[in-house]
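Subject: Handover of a structure

Dear colleague,

I am passing the structure below to you for your files. My notes on what was found in it follow directly after it.

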Amino acid sequence: MIGLVLVASLLLILLMFCDISNEVPYDRINNKLSGRSDSWFSNMHVHQASASVEWLNYSKPNIQLKMQYPSDWQKVENQNNVTLSLSQNGSLGSEKGNVSIESYPSGNEPLEEHVGLGILNYRKHLPNFVLNNSVTDIFGDNTTAHKILYSYTNVDNHEPYTVTEFWTIIDGKVYLIKYQAEATRHYSANLPIVEKIIDSIHIERTAIFNVTSQNYPSLAFDITHDPYDIAVNPINNMLYITNLRSDKVSVMDGATDKILTDIKVGTNPEGITIRSDNNMIYVANSF
Amino acid sequence: MWLTRSNTVSVIDGSTNSVLSNITVGLNPADLDTDTLEEGLDSFVFVANTDSNTTSVIDTRENNVISNITVGNKPAH
């Protein structure tokens with residue numbers, strides 16, 4: 001009796017298996033899915049076609065850059081940078097928005113020093129400069145970067161501008177990706193297309209330098225404190241950074257790039273120097 | 001602004017990461033530098049006091065100012 005039940009259930013299972021494999025073959029499932037996605041994509045295609053914009057491939061080998069951009073944007077290339085501007089009727093209007101990518105050697109200085117100097121520079125030279133945000137983010141193919149968002153008044157047309165910048169170091173080179181546009185009419189309007197451009201950016205990494213780029217995974221401290229100057233003790237690999245706006249000196253372990261502690265000093269610490277013989281650090285409390 | 005202008009150099013002990021002392025120097029010390037051991041000089045730190053047109057010389061063995069040298073206008077680095 002038990003044997004009969006076993007044989008019967010075995011047959012049933014076999015039948016079910018044959019049934020399923022006959023009923024819904026793999027390629028038919030595949031056809032169904034691809035048929036559905038075809039219709040989705042064809043809808044999108046119609047939408048894109050109406051704008052008559054195609055995406056162009058672009059590469060700039062000397063800075064290891066590959067990316068895509070829409071054909072209605074204009075490209076201006078220089079030795080170490082490229083700027084893409086949204087053109088209208090053939091004329092370039094800076095207020096409509098442009099995306100620029102530039103690269104220069106990092107000189108073994110940490111990312112926060114480059115970003116900090118950049119911000120100091122903007123504060124000095126851009127009228128009504130306001131730093132709105134400063135965070136760690138990603139762009140392109142999962143590249144970690146420091147992102148800052150700021151606004152200023154353009155000296156040529158007296159219009160308010162909004163800027164987003166991504167800063168990262170890859171293979172000993174600083175990469176600065178910048179989107180700027182007139183703040184009220186153009187910045188948000190162009191953001192969706194700009195996000196697509198920035199997400200298409202791919203920076204080729206050279207294998208031999210991979211370890212170096214991993215040394216700067218992200219910013220470990222608050223850039224809004226205006227890091228100003230840096231001193232290194234080569235004996236124990238400790239870095240001391242003055243933070244102009246927080247009246248503190250950050251102590252960074254050069255082996256891990258982690259901030260160990262912040263030391264309260266006088267007001268607006270600027271210059272810093274170290275005597276590695278007795279491990280004493282001197283901080284100029286400026287104004 | 002003028003009245004609250006700072007005029008100190010903080011000395012941090014790198015082994016404890018704490019401030020050992022604050023040395024009074026000239027007005028608005030913007031930057032400072034030290035002689036390197038290779039140069040074979042004594043243990044001095046030189047401070048550019050931007051708003052008093054002087055350079056303070058700190059003896060790092062005693063951590064006090066041994067001299068204020070009058071220099072040109074607005075020394076910064």
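The contact between the two chains draws 26 residues from chain B and 24 residues from chain A, where two residues are in contact if their C-beta atoms, placed from the backbone, lie within 7 Å. On the side of chain B that touches chain A, β1 (8-13), β2 (18-24), β3 (29-34) and β4 (44-49) of chain B each supply at least two residues. Helices (H or I, at least four residues) and strands (E, at least two) are DSSP runs, numbered from the N terminus. By class, this side of chain B has 10 nonpolar, 12 polar and four charged residues. Here Ala, Val, Leu, Ile, Met, Phe, Trp, Tyr, Cys and Pro count as nonpolar, Asp, Glu, Lys and Arg as charged, and the others, Gly among them, as polar.

Please note that this is a predicted model, in which local features need pLDDT of at least 70 and side-chain atom pairs count only at pLDDT 80 or more, while totals for chains, interfaces and linings use all residues. Residues are numbered from 1 along each chain as its sequence is written, and chains are lettered from A and ligands numbered from 1 in the order in which they are written.

Strand pairing also links the chains: strand β17 (residues 280-285) of chain A and β1(B) run antiparallel and share six bridges. Two strands pair if DSSP finds at least two bridges between them. Within this pairing, A:Tyr282 stands opposite B:Val11. A:Tyr282 is also the bridge partner of A:Thr273, as β17(A) is joined to β16(A) by five bridges in the antiparallel sense.

β16(A) and β17(A) form a hairpin with four residues between them. In the loop between these strands lies A:Asn279, which has a positive phi of about 60° although it is not a glycine. With 16 other C-beta atoms within 10 Å, A:Asn279 is partly exposed. A residue is buried if 20 or more other C-beta atoms lie within 10 Å of its own, exposed if 12 or fewer, and partly exposed in between. Seven of the seven residues of strand β16 (residues 269-275) of chain A are buried, so this strand is largely enclosed by the rest of the structure.

A:Asn268 is placed in the loop between β15 and β16 of chain A. A:Asn268 is not a glycine either, yet has a positive phi of about 45°; with 21 other C-beta atoms within 10 Å, A:Asn268 is buried.

Chain A also holds an open sheet of four strands in the order β12-β13-β14-β15, with antiparallel pairing. β12 (227-233) and β15 (258-264) of chain A are its edges; each has a single partner strand, so one side of each is left without a neighbour in the sheet. Six bridges connect strand β13 (residues 238-243) and strand β14 (residues 248-253) of chain A, and A:Asn243 has A:Lys248 as its bridge partner.

Another open sheet has three strands in the order β1-β2-β11 (chain A), again with antiparallel pairing. Its edges are β1 (55-60) and β11 (202-203) of chain A, each with a single partner strand, so one side of each lacks a neighbour in the sheet. β1(A) and strand β2 (residues 65-70) of chain A share six bridges, with A:Tyr58 bridged to A:Met67.

Lastly, A:His146 belongs to strand β8 (residues 143-153) of chain A and counts as buried, with 22 C-beta neighbours inside 10 Å. A:His146 and A:Thr168 are 22 residues apart in sequence and 6.4 Å apart in space, C-alpha to C-alpha.

Yours sincerely
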